[in-house]
Amino acid sequence: MDGEEQDGEQNGSREEDEELEEDEEAAPSEQEEEEEALAPRPLTEQDLKEGLSLLCKTGNGLAHAYVKFEGKCKNLTDISLLECFIHLRYVDLSENKLQDLSPLSNLTHLLWLKVDRNLLPSACMQELPYLQIISFAHNRIKDIEGITHPRLANLNLKGNKIQTALGLSHGQLFSLEILELRGNKLESTAGLNLPKLKSLYLAQNTIRSLEGLEGLEQLATLHLRDNQLETLDGFCSSMKCLQYLNLRNNGISSLQEVEKLQVLPMLQVLVLLDNPCCEEPDYRLEVLVLLPHLLSLDKEPFEQDQRVEANTIRQKRQEKEKETEGFLQGDVTE
């Protein structure tokens with residue numbers, strides 16, 4: 001195994017570990033959120049004084065301004081005061097009670113925004129030309145319409161109430177590489193046709209069907225853990241960069257479904273733990289027979305002797321298939 005392959009496998013394992021760690025963070029229940037009294041709590045001058053930092057030159061280089069603001073855990077319901085701080089580049093407003101982000105529309109230099117654990121009903125915002133990273137984790141967002149930032153590379157919508165991805169603005173999200181949709185209410189992958197996407201996290205939804213994946217030509221990592229997949233229809237040869245696929249805890253009962261993954265030419269790391277097909281005889285060996293390029297299954301790399309055995313079995317089966325085809329063709333000729 002060369003260094004690049006090892007890195008791919010280690011990255012997959014690292015992502016899996018991070019996923020497990022993050023899952024332990026319990027989002028507040030709907031009932032708890034409703035019980036919280038939304039007493040007005042506007043951002044104050046004192047909050048600004050405490051939260052502003054990182055003095056930098058402005059765009060013309062003739063003046064200085066603060067470019068970072070942190071206002072976490074203050075029960076904020078109104079951030080109107082931020083409208084005037086047009087040079088801000090990094091803003092963290094996590095763990096407040098915000099329902100409206102419109103005061104951020106003037107922050108056209110914004111690069112990084114984190115608004116986790118608020119009460120936001122929508123991810124829709126005024127288009128911001130330089131915004132590259134947004135985290136809306138654990139809000140009340142039900143759809144993903146109105147996200148149009150042209151340089152957005154990383155979008156986190158984990159732990160919301162999103163039922164469909166069909167509202168994604170494909171025409172505007174030219175740069176999106178990482179999309180986190182874990183812990184929502186998605187039933188299908190339809191609408192995720194994002195050509196630059198490299199990492200897609202869809203664990204802990206109720207996905208039953210894989211649709212619209214043909215446009216994910218640069219996708220390298222796909223997490224589908226804890227869903228309701230029973231078939232693996234939907235994968236296609238255009239997904240020529242997919243290396244890491246997590247299908248843990250779905251309803252895949254047959255290795256015939258695993259055979260459908262042969263269309264993925266670069267698949268190296270596969271997780272199938274907690275699926276019924278794992279109970280089939282010689283499970284690991286049979287998967288390797290079907291997918292000879294696989295480096296690791298269920299977080300365990302394949303040994304060289306397993307590869308030799310799988311190759312032998314594969315060759316014998318291919319020879320037997322050819323013999324059977326020849327026999328049947330002979331019958332037709334006669």
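Predicted model: local features only at pLDDT ≥ 70, side-chain atom pairs only at ≥ 80, totals over all residues.
Residues are numbered from 1 along each chain as its sequence is written, and side-chain values use heavy atoms, with hydrogens and water left out. Local features need pLDDT of at least 70 and side-chain atom pairs count only at pLDDT 80 or more, while totals for chains, interfaces and linings use all residues.

**The whole chain.** Begin by displaying the chain as a cartoon, which shows 6 helices and 13 strands. Helices (H or I, at least four residues) and strands (E, at least two) are DSSP runs, numbered from the N terminus. Of the 334 residues, 45% are buried, that is, under 20% relative accessible area with a 1.4 Å probe, protein chains only.

Next, select residues 52-57 (β1) and 64-70 (β2), which pair in the antiparallel sense over 5 bridges; strands pair if DSSP finds at least two bridges between them. Within this pair, Leu 55 has Tyr 66 of β2 as its bridge partner. The hairpin has 6 residues between the strands, and Gly 61 takes a positive phi near 75° there. Glu 70 stands opposite Asp 92 in β3.

**The nonpolar core.** Now select Phe 136, Phe 235 and Leu 261, which touch the most other members of the largest nonpolar core, a set of 79 residues. Such a core consists of buried Ala, Val, Leu, Ile, Met, Phe, Trp, Tyr and Cys residues joined through side-chain atoms within 4.5 Å. The elements giving two or more residues to this core are α4 (255-258) and α5 (283-290), and α5 gives the most, with 6 residues.

Methods
Buried < 20%, exposed > 50% of the residue type's maximum accessible area, 1.4 Å probe, protein only.
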